[in-house]
Amino acid sequence: MDERDLAQRVRELRTQAGLTQEEFGEQVGYSHSTVSKAENFREADGMIGIRQRIIERATGNEVAGPFFEEHEQ
């Protein structure tokens with residue numbers, strides 16, 4: 001998974017759960033605007049760590065670099 005894939009994974013997790021960005025944000029501890037930024041990849045946007053934490057909180061799995069793979073805990 002690369003940086004762009006992290007953004008896609010955040011969106012996938014939210015849509016699979018059938019949640020709005022606001023609902024998903026409440027579930028993972030971020031605002032809906034942060035979830036929106038996390039879902040919409042922009043080069044060098046500084047969101048890598050936040051995307052990782054959102055995925056970890058939503059799945060319960062650790063996301064490790066450098067290729068950002070999910071590992072079950």
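Author: Start with the chain as a whole. Of its 73 residues, 34% are buried. The model is a predicted one. Four helices and two strands make up the chain's elements. Read from the N terminus, the order is α-α-α-α-β-β. The accessible surface is about 4500 Å², and carbon and sulfur atoms hold 44% of that surface. Residues 24 or more positions apart account for 46% of them.

Next, the helices. Two packed helices are described by two things: the angle between their axes and the distance between the axes. Take each pair in turn.

Begin with α1 and α4. Helix α1 covers residues 3-17, and helix α4 covers residues 48-59. Their axes come within 10 Å. The crossing angle is roughly 35°. This crossing is left-handed. On the α1 side, the contact uses Glu3, Leu6, Ala7, Arg9, Val10 and Leu13. On the α4 side stand Ile48, Arg51, Gln52, Ile54, Ile55, Ala58 and Thr59. Sorted by class, the contact of α1 with α4 holds eight nonpolar, two polar and three charged residues.

Helix α1 also meets α3. Here the axes come within 7 Å and cross at roughly 125°. Because of that angle, α1 counts as oblique to α3. From α1 come Ala7, Val10, Arg11 and Arg14. From α3 come Val35, Ala38 and Glu39. This contact of α1 with α3 has four nonpolar residues, no polar ones and three charged ones.

Is Ala7 buried or exposed? Its relative accessible area is 1%, so Ala7 is buried. Leave aside residues up to four places away in sequence. Ala7 then touches Ala38, Glu39, Phe41 and Arg51. Ala7 and Arg42 are 35 residues apart along the chain, yet 9.3 Å separates their C-alpha atoms.

Turn to α2 and α3. Helix α2 spans residues 21-28, and helix α3 spans residues 32-39. Their axes come within 8 Å, with a crossing of roughly 100°. That angle makes α2 roughly perpendicular to α3. In α2 the contact residues are Gln21, Glu22, Phe24 and Gly25. Facing them in α3 are His32, Val35, Ser36 and Glu39. By class, the contact of α2 with α3 has two nonpolar, four polar and two charged residues. Look again at Val35 and Glu39.

Ala44 lies in it. The phi of Ala44 is near 55°, a positive value in a residue other than glycine. Where does Ala44 stand on accessibility? It counts as exposed, at 72% relative accessibility. Compare Ala7, which is buried at 1%.

One last stop is the start of the chain. Met1 belongs to the segment before α1. Its relative accessible area is 32%, so Met1 is partly exposed. Met1 and Ala64 are 63 residues apart in sequence. In space, their C-alpha atoms are 9.9 Å apart.

Methods:
Residues numbered from 1 in each chain as written. Predicted model: local features only at pLDDT ≥ 70, side-chain atom pairs only at ≥ 80, totals over all residues. Heavy atoms only, no water. Axes fitted to C-alpha atoms, helices over the stretch in contact; angles between N-to-C directions. Parallel < 35°, antiparallel > 145°, perpendicular 65-115°, else oblique. Contact = heavy atoms within 4.5 Å. Nonpolar A, V, L, I, M, F, W, Y, C, P; charged D, E, K, R; others polar. Left-handed = near helix turned anticlockwise from the far one by under 90°. Buried < 20%, exposed > 50% of the residue type's maximum accessible area, 1.4 Å probe, protein only. Areas by Shrake-Rupley, 256 points an atom, 1.4 Å probe, with all protein chains shown as cover.
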